[in-house]
Amino acid sequence: MESCDMKSWRQLDRVDARCERPMSKPLPRPNVLAIDPYVPGKSAAPGAARVIKLSANETPLGPSPRAVQALRDLAPSVAAYPDGSSIALREAIGARWGLDPARIICGAGSDNILELLALAYVGPGLEGVYTQYGFLEYRIVILAAGGTPIVAPETNFTASVDAILSKVTARTKIVFLANPNNPTGTFLPAGEVARLARGLPAHVLLVIDAAYAEYVRRDDYEAGALLANAHENVVMTRTFSKIYGLAGLRLGWGYGPAHVIDALNRIRSPFNVSSAASVAGIAALKDRAHIEAAVAHNEKWLPWLAREITALGLEVLPSVANFIAIRFPDAPGRTAADADRFLTSRGLVLRAIGAYGMGEFLRLTVGSQEANELVVAALSDFMAKAPAHG
Ligand SMILES: Cc1ncc(COP(=O)(O)O)c(C=O)c1O
């Protein structure tokens, strides 16, 4: 009998019943088709005169004017390839955070670093662990690398060290922990993350994704650099997309043991950071006043939003980041989907997070003063509305 691979060309446009696969096109690995593509927060509100996007945790302060100037200055030179090793950027990051530039890797957003980590360490027959409401990109990169995603349950919408450790087996290669986590906004204190690092076997890489670190104002928080210094199996990832206001340029970085950074450098694409991202990132790092203003803005408006929204009779999760998850009642006319429609009709675009198993929540990014006040006014009107019967 003819083997699947020896079918004649004429037969290739038919489904091969014996191989149970259509032969007329190349097929991706089965893991790839098991991935639900990441759906970003919407940015449109059809019919609304003005749209205020509060669905992607972007900063309401915009990028640093210094970063904007750096982009303008760069424009005439973009015919040249960037420096493939991002030396100037790694040195600027190292100087800012007191880290060894040789142990830093930069990428097209921290998504790129997460992807490289999964690709380097996970594969068929191997597992990656992340938490129940953890950032969904982890699942995607584990599957894309051919591995098996394993979910550790959370307690009160917060990662549980014991639950994570209980999911670790000889097949586990990587644990992803977002700290603080998106979309919940909750975090693990430094002592707990240290306990996790100590509890993991040496063959498991712990990735601490600290995309929102700059916003956290808690004495018991540590972004992950100290643990990455102390352990041979801990990496921290960071981003310029959030407080630095450079999401559109795609710039993130990772810091870890030299052997991990070496592995990632072997598989990254040679120019994974554009010259635009690089010069803007360096300029943004130097503009400390801009970042302090963003922190101060968040420190004022995050608790204000939590207070005002709670006063409307809605529950909010305790967030240390620049967004809040709001829980809506399971009552006709009052659900998260109803609220989403109501807010969108006023041009206020929040993030539905049903994909995280949090269908009764909407995630709200802290916006400008005007945006925050408009959201609270709209939610107040929404809650005052007589609930629909049915
Ligand atoms: C927890 C977390 N990690 C990583 C990212 C990816 O950020 P970027 O690829 O823009 O650096 C995000 C973006 O929303 C995030 O929320």
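# Exercises on a Predicted Model with a Ligand

The shell around the ligand comprises 3 nonpolar, 5 polar and 4 charged residues. In this classification, Ala, Val, Leu, Ile, Met, Phe, Trp, Tyr, Cys and Pro are nonpolar, Asp, Glu, Lys and Arg are charged, and the others, Gly among them, are polar.

The model is predicted: local features need pLDDT of at least 70, side-chain atom pairs count only at pLDDT 80 or more, and totals for chains, interfaces and linings use all residues. Residues are numbered from 1 along each chain as its sequence is written, and side-chain values use heavy atoms, with hydrogens and water left out.

## Exercise 1: The ligand

Task. State which residues are around the ligand, and which helix gives the most to the shell.

Solution. 

Step 1. A residue is near a molecule if one of its heavy atoms lies within 4 Å of it. The residues around the ligand are Gly109, Ser110, Asp111, Phe135, Asn182, Asp209, Ala211, Tyr212, Thr239, Ser241, Lys242 and Arg250.

Step 2. Helices (H or I, at least four residues) and strands (E, at least two) are DSSP runs, numbered from the N terminus. Helix H4, residues 109-121, gives the most to the shell, with 3 residues.

Task. Give the distances from ligand oxygen atoms to the side chains of Tyr212, Ser241 and Arg250.

Solution. 

Step 1. A polar contact is a pair of N or O atoms within 3.5 Å; within protein, one must be able to donate a hydrogen and the other to accept it, and residues adjacent in sequence count only if both atoms are side-chain atoms.

Step 2. For Tyr212, a side-chain N or O atom is 2.7 Å from an oxygen atom of the ligand. For Ser241, the corresponding distance is 2.6 Å. For Arg250, a polar side-chain atom lies 2.7 Å from a ligand oxygen atom.

Step 3. On its own the ligand has 400 Å² of accessible area, and the protein covers 93% of that area. Such areas come from the Shrake-Rupley method with a 1.4 Å probe; for residues, only the protein chains shown count as cover.

## Exercise 2: Ser319

Task. Determine where Ser319 is found, whether Ser319 is buried or exposed, and which backbone atoms its side chain contacts.

Solution. 

Step 1. Ser319 is found in the loop between strand E11 (315-316) and strand E12 (323-327).

Step 2. Buried means under 20% relative accessible area, exposed over 50%, and partly exposed in between (1.4 Å probe, protein chains only). Ser319 has a relative accessible area of 16% and is therefore buried.

Step 3. A polar atom of the Ser319 side chain lies 3.1 Å from the backbone nitrogen of Ala321. The side chain of Ser319 also reaches the backbone oxygen of Phe323, at 2.5 Å.

## Exercise 3: Backbone geometry

Task. Describe the peptide bonds from Asn179 to Pro180 and between Asn182 and Pro183, and the phi angles of Ser86 and Phe157.

Solution. 

Step 1. Most residues other than glycine have a negative phi, and most peptide bonds are trans.

Step 2. The bond from Asn179 to Pro180 is cis, with omega near 0°. Pro180 has its place in the loop between strand E7 (172-178) and helix H7 (190-199). Asn182 and Pro183 are also joined by a cis peptide bond, with omega about 20°, and Pro183 is in the loop between E7 and H7. Asn182 is one of the residues around the ligand.

Step 3. Ser86 is not a glycine, and its phi is positive, near 50°. Ser86 is in the loop between helix H2 (65-74) and helix H3 (87-97), and its relative accessibility is 6%, so Ser86 counts as buried.

Step 4. Phe157, likewise not a glycine, has a positive phi of about 60°. Phe157 lies in the loop between strand E6 (148-152) and helix H6 (161-166); with a relative accessible area of 14%, Phe157 is buried.

## Exercise 4: Sequence and space

Solution. 

Step 1. Thr148 is found in strand E6 and is partly exposed, because its relative accessible area is 37%.

Step 2. Ile291 lies in helix H11, residues 288-311, and counts as buried because its relative accessibility is 13%.
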